[in-house]
Amino acid sequence: MPQGDEPTGRRLVKVTGIVQGVGFRPFVYNLALGLNLSGHVFNHSAGVDIEVEGTQDSLARFETDLTRLAPPLAHIISVTSAVIPPTGDKGFRITESDSGGAKTALIAPDSDVCEDCLRELFDPVDRRHRYPFINCTNCGPRFTIVEAIPYDRPNTTMASFVMCADCRAEYENPADRRFHAQPIACPVCGPKVTLLDSAFNPVEATDAVRGAARLLSEGAILAIKGIGGYHLACDAENEEAVLKLRARKRRDEKPFAVMTPDIETLRLFAEVNEREAAILQSRPHPITLVKKLQPDALGPCAPSNRYLGAMLPYSPLHHLLFDGKPYNALVMTSANLSDEPIVYTEDEAKEKLAGIADYFLIHNRPIHNKADDSIEKVMSHGPVVIRRSRGYTPVPIQLDREYPPTLAVGAELKNAFCLIKGDKAYLSAHMGDLKYESALESFRFGVSRLMEILDISNPAVVAHDMHPNYLSTAFAEEFPCERKVAVQHHHAHLVSLMAERHHTGQAIGVVFDGTGYGLDGTIWGGEFLVGDAAGFERHGTITPIPLIGGDAAIKEPYRIALGILFGMYGENLPPLPIEWLNNMEPARLALLRQAYYKKINVFYSSGMGRLFDAVSALIGVRPKASFEGQSAMELEMAVANGYHGEYPFIIGGDVNPANLDFTPTFERIVEEMKNGERAPVIAARFHETVAQSATAMVKRISGTTGLKDVFLSGGVFQNTVLSDRLGTLLETDGFAVFRHGRVPPNDGGVALGQAVIAARTLV
Ligand code: ZN
Ligand code: ZN
Ligand code: FE
C-alpha cells in the first residue's frame, strides 16, 4: 500500500442499526479499497464491526462516507470509532460473522424487488430470466425468512438450498451486486414455483406462472404464496369471480385489496395524488387507500366504499403475473377465513383454502415469520400506517432510554404484541382478531419466535390490557413471569403515540376509540387524558350512551340510535322520518324497548366510535354493519364537501372528568331530519361538532393544567375528516398537535404503549 511518509493509523468502527442483509459489508469493502485502507469487516450480533488502517485523511473520509453513501436498505442508528494500534496488515477482507455476544443486531424488513433485478427478470439472455425468486443485496425477502441472528444464510429458510457454482461465484465476488446476498438463488439451485389444482395435484404447464396468469384471466380463483403469506387472487374486473370469492371466503362487504401493474393503470379506477404515489412505490409497498373515480369502480371489490385499497407488484412473482397485462387489476386479499390469521404454510393452505381456491401457485421457500400486507392512508399531516406488517416489521421504535426486557401482549381486535430490548421497541406484525382460536395460536407462536430472534429468554415484566376477558390478558396471566402490569387501554393508546413521537413529559391526550375497559369497569372510548408513561388522570369523557344488546350493537348500530331516541322521547316514540325504525316489526321494537327499560343486556359506553356508529344509523347511512367500524367509516365517506356549520353540545361538571354531552346534537339532528335535511350535510355538521367540542374540552383542560401539547390517538383517528379538522382547530388555538405515522392509531399500536408503561415501572 503506497502511503509515502504520511502517518498511518488504525481504527475500530462499530456500526449499529439495520446493517445486516442489506449489502453493508460489500459496501464497506469497496469503500475501504477505494481509499486504500487495509483491515477487515464482519457481521456481529450487535451490528457490523470494521477495522481500518491507512492515512489519517483516508480514515476521516472513510467515516464520513460510511454514513453518507450507505446502501439503500441500510438504516444506521449509531457509529462509534476508537483508535487502536496499527497492525501493518495488507489488503481488506470480509471475515466470518461472530455470533457470540449480546444479540442486538437489527433485521431488515422485506423489500420490494429493485430496478436492477427487475431489468434482469425480463432480460431474455439473463440467467435469471423470468425467475420468480430473483433478489440481490439491495432487495428481496428479509424478516419473513429469518430464523435467528446474525442474518446469515444458515439462519434463514434458504439454508436448505445449496448454491450452484454460478451463484456461489457471485456470492463470493465483492464486485458483484449479489456479494453476500443471503437469499441468492437461480433457476438451477433455488426455490421453484408449482401450479396445483384444488386437490393439490400438479397441473401440466410448461411455465407455472404463465399457466397461473392464464387461469386468472379466465376467471379462476388462485391461492398464491407470496412473501409473508398466501393471497387469494382473481381478476378484479371480473365481477362473477369477485362475487364467487366473496361467497367462498364468507366476506360480504369488507373491501378486498387490489393490485394493479402500475400507477397509470390504477388511475383507471382511482385518483392517485403525488403523496399517495410515493407511498405506493415506497420500499414496503403497502396497500394504500386511494379515492375511487366512480363510486362503483371495481364494483364488488369495495362495495359502498369511496376508497380502494390498492398496491403495486412488489415481488418478482407479482411482476411476472402482470407480464403482458392479461388483466388490469387483481384482487389480492390475505388468504384466510373472515378475520382469521393469514395462511402461510402449504399444510395450512391445503387444509383451509381447499374450498376457496380453484388452483394454488405455491413455492418451496418456507416463510418463517408471516406478515400481512401493511395498510396506509395519506392524511393532511402525512401518511398513517393503519396495519403495520410486511415491510415495516421488525423496524424498531427508538425509545428514550434502555429498559429491562419487556413483553406487551396488546389488545384483542387487530392484535399486535410488542417486545422491548435495550432502548428499542419491536412492534410485531399484525396478528388479527384474537377471539379466533387460530389467531391465538399464531399469536403464541409469534411471541416465542420474536423472543427467539431477539434473543430474549425471559422478560422482566409482562404488560396486558385491563380487560379481564381478553384472551391476550389470559395469555399474559399464564405467562411464566413474576411481574405483570395491567394497563388501561386508552392510557396505552396515548403512550404509544408519545413513544412514536419521542415525547416524554406530561401532555393532553385525546383518545377517541371504539371500546376499551375503564378503570371503573365501564366501557370507555371518548377520553380526554392528562399524563405520560408514569400515569394519567381522566380529565374529560363523553357522556355514556346505551348499547342495547351489548356487543350486538357493534354490528347493529341502530340499537344504539334507538337507545338514544328512547332517552330523548321516552318509550312512546313520535312519528320520525327514520326508515329502519318505521320498517321494524312492532314485536321487535317492543322487545328492544323492554330491554332498554328493564336494563336487560344494556351497557353504557363512552366510546367515540360507537357515537359515530349511532349517528350513521340514525340518519340512515348504515344502520346495520357487516364488520366492526363499517357504519362509522361510511359516515365519514358520506360527509358533504365544504363547511356547513355545527350542532350544539354541552360541556359540564366541575370535577374531573368533565362530561361532553351530545344530547343537544342528537336533538338537532332529528329536527333537521324532520325538515328533510340531506344525510351528507348532517354528517358534515356532526364531524364539525365533534371537532369543535373536542377543541373546547382541550382548551378547558389546558386552562387548568397549562399544557399545550395534544396527542390524538385511538381508532377513530383513522377518520381523515375528523383528524384533519381537529388538528387544524387545535393548531389555530396555539396547541402543538401530535398524530400517528408509523404506529397505527388503532389497537394495532396499543402494545407499544403497554410496553413503555410497564417498562417504566422497572426503572
Ligand atoms: Zn435487487
Ligand atoms: Zn444458482
Ligand atoms: Fe383501542
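A: Let us begin with a term: two residues are in contact if they have heavy atoms within 4.5 Å of each other. Please also keep in mind that this is a predicted model.

Q: Which residues of α15 meet which residues of α17?
A: From α15, the residues are Y558, R559, L562, G563, F566 and G567. They meet R588, L589, L592, R593, Y596 and Y597 in α17.

Q: And how many of these are nonpolar, polar or charged?
A: The contact of α15 with α17 has seven nonpolar, two polar and three charged residues.

Q: At what angle do α15 and α17 pack?
A: Helix α15 covers residues 558–569 and helix α17 covers residues 586–598. They pack at an angle of about 65 degrees, and their axes are 11 Å apart. Angles of 65 to 115 degrees count as roughly perpendicular, and α15 and α17 are therefore described as roughly perpendicular to each other. The crossing in which α15 passes α17 is right-handed.

Q: On to α20 and α21. Are they roughly parallel or roughly antiparallel?
A: The axes of helix α20 (residues 663–674) and helix α21 (residues 679–705) cross at roughly 165 degrees. An angle over 145 degrees counts as roughly antiparallel, and α20 and α21 are therefore roughly antiparallel to each other. Their axes come within 11 Å, and the crossing is right-handed.

Q: Which residues meet there, in α20 and in α21?
A: T665, I669, E672 and M673 belong to α20, and they meet I682, R685, F686 and T689 of α21. By class, the residues of this contact divide into four nonpolar, two polar and two charged.

Q: Now the sheets. In what order do the strands of the sheet with β16 stand?
A: This open sheet has four strands, in the order β17-β16-β18-β19, and the pairing is mixed.

Q: Why is one side of β17 and of β19 left without a neighbour in the sheet?
A: Strands β17 (418–427) and β19 (484–487) stand at the edges, and each has a single partner strand, so one side of each has no neighbour in the sheet. On average, neighbouring strands of this sheet are turned by 60 degrees against each other, direction ignored.

Q: What holds paired strands together in general?
A: Strands of a sheet pair through backbone hydrogen bonds, either parallel or antiparallel.

Q: And how do β18 and β19 run, parallel or antiparallel?
A: Strand β18 (residues 461–465) and β19 run parallel and are joined by four bridges. In this pair, H464 stands opposite A486 of β19.

Q: Which helices lie across this sheet?
A: Helix α13 (residues 489–500) lies across β16 (397–408), β18 and β19, and runs at about 140 degrees to β16. Helix α23 (residues 750–760) lies across β16, β17, β18 and β19, and runs at about 90 degrees to β16.

Q: What about the sheet with β1: in what order are its strands?
A: Five strands form this open sheet, in the order β4-β1-β3-β2-β5, with mixed pairing. The edge strands, β4 (75–84) and β5 (92–94), each pair on one side only. From one strand to the next, the twist averages 15 degrees.

Q: How many bridges join β1 to β4?
A: Nine bridges join strand β1 (residues 8–18) to β4, and the two run antiparallel. V13 stands opposite S81 of β4. Helix α1 packs on this sheet, touching β1, β2 (38–44), β3 (47–55), β4 and β5, and its direction makes about 175 degrees with that of β5.

Q: Now a few single residues. Is L31 buried or exposed?
A: L31 is in helix α1, which covers residues 24–34. A residue counts as buried under 20% relative accessible area, and L31 is buried because its value is 10%. Apart from neighbours within four places in sequence, L31 is in contact with F62, D65 and L66.

Q: And S428, where does it lie?
A: S428 lies in the loop between β17 and α11 (437–453). S428 counts as buried, with 4% relative accessibility. Not counting residues up to four places away in sequence, S428 touches R388, T393, A416 and F417.

Q: Last one: what is the relative accessible area of S631?
A: The relative accessible area of S631 is 0%, so this residue is buried. S631 is in helix α19 (residues 630–638). Leaving out residues up to four places away in sequence, S631 touches P557, D613, S616, R622 and A625.

Key: Residues are numbered from 1 along each chain as its sequence is written. Chains are lettered from A and ligands numbered from 1 in the order in which they are written. This is a predicted model: local features need pLDDT of at least 70, side-chain atom pairs count only at pLDDT 80 or more; totals for chains, interfaces and linings use all residues. Side-chain values use heavy atoms; hydrogens and water are left out. Two strands pair if DSSP finds at least two bridges between them. Axes are lines fitted to C-alpha atoms, for helices over the stretch in contact, and angles run from 0 to 180 degrees between N-to-C directions. Angles under 35 degrees count as roughly parallel, over 145 as roughly antiparallel, 65 to 115 as roughly perpendicular and the rest as oblique. A crossing is left-handed if the near helix is turned anticlockwise from the far one by less than a right angle, and right-handed if clockwise. Ala, Val, Leu, Ile, Met, Phe, Trp, Tyr, Cys and Pro count as nonpolar, Asp, Glu, Lys and Arg as charged, and the others, Gly among them, as polar. Buried means under 20% relative accessible area, exposed over 50%, partly exposed in between (1.4 Å probe, protein chains only).
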